Amino acid sequence: MPTHPLLDVASVERLEPYLEGVGNIFRAFREQDSGCVSYGVAVGGERWFVKSAATPTGATSLGRALGVHGAVQHPAIVPLRHHFKIQGGLALIYPWVDGEVLYHPTVSRHGGRSDPTSPMARFRNLPVADILRSLNAILDAHLAVEQAGFVAVDLYDGCLLHDFEAQRMALCDLDEYRPGPFILEADRLPGSRRFMAPEEFSKGSTIDIRTTVFVLGRVLRLLLDAGDDERKWRGSSSQLKVIERATASDPADRFASVEGLARAWRGACSGHC
């Protein structure tokens, strides 16, 4: 038996029976639309999040996560602690972080952001100052992403883990982030349409930091609005102008960097974010 059954193991043939043997599975996420299966596992006095994939596509995505976490560290990004092989794929080990993802699509269910009891609706009802602090954490984390030479791919509200009690935002599931710039060789990148830049749907296009700027602009727009129809803006006109530039259709018209976006956003916040 390894010294620590999750952090020192190199390979496991069958993941779930192994987890049941070394700890207590207190949550299971079996219907992820990504095809991954994840678990909340208590081992001794510690809780862990174990994400696994046993398909070629899923394992490739989790393999990308190794590169992301090897290059990018930030207090707002849930850190990868370990990984090991499983039959046909890979398992990643993260510390369990309290909170709720703002959107949780599954194979059988999508939508529901406007339900008053949903995490997204509850987040949007927070005081604006609290939302701005969360947005600031997201921007700060992407300054670290930019400095490491990576670009955001598949960033959407399902990557945003908010602890309503502690009023703290964390980022998770950044598996598709990649070194940039790169040329899109597929017909489109993975992701949620409501967050994605136009070039993410165009084979042969360049995906670079201006693409990340666009996606972050959409995050700012959607999280500081009281509804999904984007008709209940809770921010200022100056903040909205920053978002409009960040989400320009032509990448050349956007901020040239996350740093530029963050500087403009903070200037528009007048010291409140």
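Strand 4 (residues 46-53) has 6 of its 8 residues buried, so the rest of the structure largely encloses it. Buried here means under 20% relative accessible area, exposed over 50%, partly exposed in between (1.4 Å probe, protein chains only). Strands (E, at least two residues) and helices (H or I, at least four) are DSSP runs, numbered from the N terminus. This is a predicted model, with local features needing pLDDT of at least 70 and side-chain atom pairs counting only at pLDDT 80 or more, while totals for chains, interfaces and linings use all residues. Residues are numbered from 1 along each chain as its sequence is written, and side-chain values use heavy atoms, leaving out hydrogens and water.

Student: Which residue in strand 4 does Tyr39 stand opposite?

Tutor: Start with the pairing, which needs at least two DSSP bridges. Strand 3 (residues 37-43) runs antiparallel to strand 4, joined by 7 bridges. Across from Tyr39 you'll find Val50.

Student: And how many bridges pair strand 4 with strand 6?

Tutor: Look at Phe49, which sits opposite Tyr94 in strand 6. Strand 6 (residues 89-95) and strand 4 pair in the antiparallel sense, and the bridge count is 6.
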